[in-house]
Each structure stands twice: as C-alpha cells, then as structure tokens.
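Here's my note on the model, as promised. Have it open alongside while you read the points below.

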Amino acid sequence: MALFTDGPAATIEGLREYESSILDVAATEGIDLTVKLSAAHREVGIDLERFLDEAAQGRLSCVAVTAPLAAWETFHALVLTFRDAYHSQLNDRHLPKWKEYERRAKWASEALFQLGVGLMYSPIPKPGLPVLKAMPGSLPAGLYYVRTTWARSGGAEGAPSDIAVLSAPGPTGVEVRCTAAPSGVAGWNVYAGESLADITLQNDVPLTPAHPWTIPVTGLRAGRASVNEQQPDTMVKRLRTF
C-alpha cells in the first residue's frame, strides 16, 4: 500500500472518474491539473498532520493511502479546480460543481476519520525510477518495461516505482539497477514485461540493493503481477465526544 509521502494519491485519471469533462474544463480555463493535484496533496497533508498531532500518534511518513484518503484528496483537487474555474471569469456554471465537490470532500474526510487513518510502524517507501541499460546479449530487440518495489524480510512490499522503459536493439541484454535503498528494507523486487499488460515479478526472493539485475538469457518469466502490499498496522480514529 502506498504511503502518503510517496506523492499525490489523486491522479488525473481519478479526477476523470468523477468528472469526465475535467480535461476540457482545465484547457478552457487555463488550469494546470498537475498543480492542483500537488496543492490538494499538500493541503490534505496539513489536515492529516493536525489530526495526528491531536491524536498524539504517528507521523505523516507513516500514513497509508487508504480508499477514503484517496477519495478525499481527489475530491479536494476537484474543489480547487472548479473554484479556480469559477473565479477566473466568475462563470456561474462552475459554482455548483465547486460546492458539490466541497460536500463530497467533507464526506470523504469524515469517513476517513471515522474509519481510521492507517498507520504503518515500519513504512516502506516508493522507490525512485529504476535505471535501465542495454548491454550485449541475445534477447530480441524491443521495448522492455520495468518497475521495482522495496521489500521487507516478511515479503511485504511498498508501492511500486514508476515504470521505466528501454527501447533495446537486438540482440541485446538488459540491466536494471535500483535507487539507493532506504534503511530497514531487506531488498528489492523487479517487475518487468515486454508490454504494460505483461509486467510481472521476476525474482523469487528480494534482491540485494547494491547489485543490479539482468534479464536472463531465457527471457522474462510470467510471475505474479500484483504487489504484496504492506498493510496498516493500526487505524487511528477520531474520538467522538458527547
């Protein structure tokens, strides 16, 4: 499971799930959605830090991105977008959307604090982009897609890295190196495929962080596609007072 500090939990694709016209709105009103996603992430983070301080539990770096948290951040990004669209030319048609997503953001945040903010005692961060290098070998020419995860000794993994792509001439070999390892991880896992749909786990046990991995001469194998996500160790709820 991703950590809040891995980066924005909301995505442009997530915005489109709730507002199919969001790209058109952004283009017409001159709004940078990536900036709004970052702003929403930062503002939600401030509220989370305040909640954790009041609860005297955990740090922002330990917060897991659960479904309510992702929904809150997505709705808040839509709030910021439609608020800007309304204020840019005082266009009244954007006002109902602004207020509707404001209500939804409030609903999602209340759901999060009622169900609990997920905390991980030993959080596993998202890796940086893996480094790919073509080298002499016998693999066929083509595109190779690779992402990595950090893993603990028990097998739990953090969020996968972004996907790196190598266009290799043939015959070829492909070397993969991970970024500098954070403290406390047992190693790293590599997921690779010759298309986005075919990216699967390529190693049986976590690899040593300091050593590169190369695609074997037999080619890529069909491992599991899903990540063994680290789960929250505890859920911190907002106490109700009467």
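**Notes on the model**

1. Let's start with Glu157. Setting aside neighbours within four places in sequence, Glu157 is in contact with Met1, Ile124, Thr149, Trp150, Ala151, Asn189, Tyr191, Arg224, Val227, Asn228, Glu229 and Gln230 (contact here means heavy atoms within 4.5 Å). Glu157 sits in the loop between strand 3 (142–151) and strand 4 (164–168); helices (H or I, at least four residues) and strands (E, at least two) are DSSP runs, numbered from the N terminus.

2. Before going on, the ground rules. This is a predicted model, in which local features need pLDDT of at least 70 and side-chain atom pairs count only at pLDDT 80 or more, while totals for chains, interfaces and linings use all residues. Residues are numbered from 1 along each chain as its sequence is written, and side-chain values use heavy atoms, with hydrogens and water left out.

3. Is Glu157 buried or exposed? Glu157 is buried, because its relative accessible area is 0% (buried means under 20%, exposed over 50%, partly exposed in between, with a 1.4 Å probe and protein chains only). Which side chains does it make polar contacts with? One is Arg224, at 3.3 Å from the Glu157 side chain, and another is Asn189, at 2.9 Å. A polar contact is a pair of N or O atoms within 3.5 Å; within protein, one must be able to donate a hydrogen and the other to accept it, and residues adjacent in sequence count only if both atoms are side-chain atoms.

4. Now for the Asn189 end of that pair. Asn189 lies in strand 6 (residues 187–193) and counts as buried, because its relative accessibility is 5%. Not counting residues up to four places away in sequence, Asn189 touches Arg147, Thr148, Thr149, Ala151, Glu157, Leu201, Asn203, Val205 and Pro206.

5. Zooming out to the whole chain: there are 5 helices and 9 strands, and the order from the N terminus on is α-α-α-α-α-β-β-β-β-β-β-β-β-β. The C-alpha trace spans about 65 × 45 × 25 Å along its principal axes. Of the 242 residues, 43% are buried. Taking contacts with a separation of 6 or more, 74% come from residues 24 or more positions apart.

6. On to the cores. The largest nonpolar core has 38 residues, and Leu48, Val63, Leu69, Trp72 and Val117 have the most contacts inside it (a nonpolar core is a set of buried Ala, Val, Leu, Ile, Met, Phe, Trp, Tyr and Cys residues joined through side-chain atoms within 4.5 Å). Two or more residues each come from helix 2 (22–29), helix 3 (33–55), helix 4 (67–89), helix 5 (95–115) and strand 1 (117–119). Helix 4 gives the largest share of this core, 11 residues. A second, separate core has 19 residues, among them Leu132, Tyr144, Val146 and Ala168.

7. Leu69 is in helix 4 and is buried, because its relative accessibility is 1%. Beyond four places in sequence, Leu69 touches Phe4, Val44, Leu48, Val63, Ala64 and Leu112.

8. How do the helices pack? The axes of helix 4 and helix 5 come within 8 Å and cross at roughly 160° (axes are lines fitted to C-alpha atoms, for helices over the stretch in contact, and angles run from 0 to 180 degrees between N-to-C directions). That makes helix 4 roughly antiparallel to helix 5, a label for angles over 145 degrees; under 35 counts as roughly parallel, 65 to 115 as roughly perpendicular and the rest as oblique.

9. Helix 2 and helix 4 pack at about 35°, with axes 10 Å apart. Here Ile22, Val25 and Glu29 in helix 2 meet Leu78, Thr81, Phe82, Ala85, Ser88 and Gln89 in helix 4.

10. Finally, two backbone spots to check. Most residues other than glycine have a negative phi, and most peptide bonds are trans. Ala56 has a positive phi of about 55° although it is not a glycine; Ala56 is in the loop between helix 3 and helix 4, and counts as exposed because its relative accessibility is 66%. A cis peptide bond joins Gly170 and Pro171, with omega about -10°, and Pro171 lies in the loop between strand 4 and strand 5 (172–177).
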